[in-house]
Amino acid sequence: MTFNKETYLNNLKLYFESYAPISEKSWKLIENLTHFQTIKKGEIVLENGEICKNLYFIAKGILRTYITDEQGNFYNKNLFLENKLACSKVSAMLQTPSSFTIEALEDCILINLNYKKYIQLINENDNLKNFYIAYLEKNWIIEKEQKEIALVMQNATERYLSLLEKNPNIADRIPLLHIASHLGITPTQLSRIRKNLEKDL
């Protein structure tokens, strides 16, 4: 797969800067950690039980993080599209086995960052610390709380519409069963929701 690395690296830089300004020196330190990886649809990026060693910035494609129960049923914990960071955060922080699997739902281009070296850079550079605090606040406090509230306060249709608002073409890119699982409903329920929405148009 041929692609323009500079374009994707610039997207990563813009992602960092969307949280807090970072100096050119700090960006170069981050850039030196980057490693490109291409994976095919259906490939596993991180196995359940494996220790997470990298952060994965999705330059192109979609990843899902999922948990499988003893009966073999899966639950999609998260769907990550372009210009998002994915990883098993608890596994990376504690260096313990991941409780979920990360799989590519499309052919993907990833920019990998070694987690230990990344954290070391954050500890040594104040502007990267500012980025990290803002990133954690948005993704691990604000969005996590909003998601938990939505599960209780919003019905399935509202949650589906909220997902489409953030990712308008997601239903054209991945099987609906993955969207249903992410929303905590069955594919049949999602199909019914989509038909009802089409009637309302």
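A salt bridge here is a side-chain nitrogen of Lys or Arg within 4 Å of a carboxyl oxygen of Asp or Glu. The side chains of K144 and E148 meet that rule, with N to O at 2.8 Å. The model is predicted, so local features need pLDDT of at least 70 and side-chain atom pairs count only at pLDDT 80 or more, while totals for chains, interfaces and linings use all residues. Residues are numbered from 1 along each chain as its sequence is written, and side-chain values use heavy atoms, with hydrogens and water left out.

Start with helix α5. Helices (H or I, at least four residues) and strands (E, at least two) are DSSP runs, numbered from the N terminus. K144 and E148 both sit in α5, residues 126–153. They are four residues apart, about one turn of the helix. K144 is partly exposed at 42%. E148 is partly exposed too, at 41%.

A further salt bridge joins E143 to K138, with the closest N and O atoms 2.8 Å apart. E143 has 33% relative accessibility and counts as partly exposed. K138, at 34%, also counts as partly exposed.

N139 lies in helix α5 as well. N139 is buried, with a relative accessible area of 19%. Its side chain makes a polar contact with the side chain of Y19, at 2.9 Å. A polar contact is a pair of N or O atoms within 3.5 Å; within protein, one must be able to donate a hydrogen and the other to accept it, and residues adjacent in sequence count only if both atoms are side-chain atoms. Contact in the wider sense means heavy atoms within 4.5 Å. Leaving aside neighbours within four places in sequence, N139 is in contact with Y15, Y19 and K144.

How many salt bridges does the rule give? The count comes to eight. One of them pairs E106 with R173, the closest N and O atoms being 2.6 Å apart. E106 lies in the loop between β7 (101–104) and β8 (108–114), and R173 in helix α7 (residues 170–173), so the pair ties together parts that are 67 residues apart in sequence. E106 is buried at 17% relative accessibility. R173 is partly exposed at 22%.

Now the sheet. Strands of a sheet pair through backbone hydrogen bonds, either parallel or antiparallel. Two strands count as paired if DSSP finds at least two bridges between them. Four strands form an open sheet in the order β1-β8-β3-β6, and the pairing is antiparallel. β1 (34–39) and β6 (85–86) stand at the edges, each with a single partner strand, so one side of each is left without a neighbour in the sheet. Strand β3 (residues 54–60) pairs with β6 in the antiparallel sense over two bridges. Y56 stands opposite A86 in β6.

Next, the cysteines. A disulfide is a pair of cysteine sulfur atoms within 2.5 Å. The structure holds zero disulfides. For C52, the nearest cysteine sulfur is that of C87, 4.5 Å away, and C52 is in no disulfide. C87 is likewise in no disulfide, its nearest cysteine sulfur being that of C52. C52 counts as buried at 0% relative accessibility. C87 counts as buried at 10%.

Helix α8 (residues 176–183) comes next. Is α8 mostly covered or mostly uncovered? Mostly covered: six of its eight residues are buried. These are H178, I179, A180, S181, H182 and L183. What covers them includes β4 (63–68), β5 (74–80), α5, α6, α7 and α9 (187–200). G184 follows α8, and its phi is positive, near 80°.

L164 is partly exposed, with a relative accessible area of 22%. L164 and L151 are 13 residues apart in sequence and 16 Å apart in space, C-alpha to C-alpha.

How values were computed:
Buried < 20%, exposed > 50% of the residue type's maximum accessible area, 1.4 Å probe, protein only.
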